[in-house]
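User: Please take a close look at the sheet in this protein. I would like to know how it is put together and what packs against it.

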Amino acid sequence: IPPAVITWMHFRSSHNYPNRKRLLLVSSMGLLAFVASVAQLLLPGLSVFCVGVTFGLLIIFMEDQHQRVSIDPLTRLNNRTQLRLFLDTKVAASSPGKHLVMFIMDLDFFKQINDKYGHMEGDKALITLSNVLKRILGPRGFYISRIGGDEFVTVAELRGFTEAAKMNGLLQNALEGESEKLPYDLSLSIGF
């Protein structure tokens, strides 16, 4: 099976948006190379293949650079810059009958986790929290970002604040379940 087809199959099964976009670009590179090679056969006097492959590599490089400046490398969530861009567009185009709700979250006792168990365990706590956020809020259409340290922000259009309170409870319960696997308790302070 050609690598471009394998990449396309991974693209179809991935639910992580940044990863999906990268897989689509990589799989399109194979298609671009194929189209360029066919064009090269039809136009033997021109160097179409090299230009097509170079253009494809440039697109992948640009996407890689975009990922590096817009995605938090530890949690693979959107970063503060992407949050600002998202809020600028979302505030301008809010849906009627819904409230734009922002959840500002802080991992409780994060410094103590780092001090007692080490920074690698602190990173594990952040990754665990980000996975819970992705699992609970991602399928519901929440925009999720890490804005620095142990602070996270999610944004969604909700019908009312009772729905926001329900999400708060779901997150706290999910973190309690994850805490059973860890030597410390994970909990969040959430304001919305």
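**A close look at the sheet**

Analyst: Start with strand β3, which is mostly covered, with 7 of its 8 residues buried. This is a predicted model, and the description below should be read that way.

The sheet is open and has 4 strands. Their order is β2-β3-β1-β4, and the pairing is antiparallel. β2 (143–148) and β4 (188–191) stand at the edges. Each has a single partner strand, so one side of each is left without a neighbour in the sheet. From one strand to the next, the twist averages 25°.

Now the pairings, one by one. β2 and β3 run antiparallel and are joined by 5 bridges. Ser145 has Val153 in β3 as its bridge partner. β2 and β3 also form a hairpin, with 2 residues between them. Gly149 sits in that turn and has a positive phi of about 55°.

On to β1 and β3. These strands run antiparallel, with 8 bridges joining them. His99 stands opposite Leu158 in β3.

Then comes β4. Strand β1 (residues 99–107) is joined to β4 by 4 bridges, and the two run antiparallel. Here Met105 stands opposite Ile190 in β4.

Aromatic rings come next. A search of the whole structure finds 5 aromatic pairs. One of them joins Phe86 and Tyr143. Their ring centres are 3.9 Å apart and their planes are at 5°, so the pair is stacked. The pair links distant parts of the chain: Phe86 belongs to helix α4 and Tyr143 to strand β2, 57 residues apart. Tyr143 counts as buried, at 14% relative accessibility.

Another pair involves Phe103 and Phe142. This one is tilted, at 5.6 Å centre to centre with 50° between the planes. Phe103 lies in strand β1, while Phe142 lies in the loop between α6 (119–137) and β2. The pair therefore ties together parts that are 39 residues apart in sequence. Both partners are covered. Phe103 is buried, with a relative accessible area of 1%. Phe142 also counts as buried, at 8% relative accessibility. Ring pairs go on to link Phe103, Phe142, Phe161 and Phe192 into a cluster.

Along the sequence, the pattern is α-α-α-α-β-α-α-β-β-α-β. Of the chain's 192 residues, 38% count as buried. Among contacts between residues at least 6 apart in sequence, 63% join residues at least 24 apart. The accessible surface comes to about 11,600 Å², and 63% of that belongs to carbon and sulfur atoms.

Technical notes. Residues are numbered from 1 along each chain as its sequence is written. This is a predicted model: local features need pLDDT of at least 70, side-chain atom pairs count only at pLDDT 80 or more; totals for chains, interfaces and linings use all residues. Side-chain values use heavy atoms; hydrogens and water are left out. Two strands pair if DSSP finds at least two bridges between them. Axes are lines fitted to C-alpha atoms, for helices over the stretch in contact, and angles run from 0 to 180 degrees between N-to-C directions. Buried means under 20% relative accessible area, exposed over 50%, partly exposed in between (1.4 Å probe, protein chains only). Contact means heavy atoms within 4.5 Å. Accessible areas come from the Shrake-Rupley method with a 1.4 Å probe; for residues, only the protein chains shown count as cover. Rings of Phe, Tyr and Trp (its six-membered ring) pair if their centres lie within 6.5 Å; planes under 30 degrees apart count as stacked, over 60 as edge-to-face and the rest as tilted.
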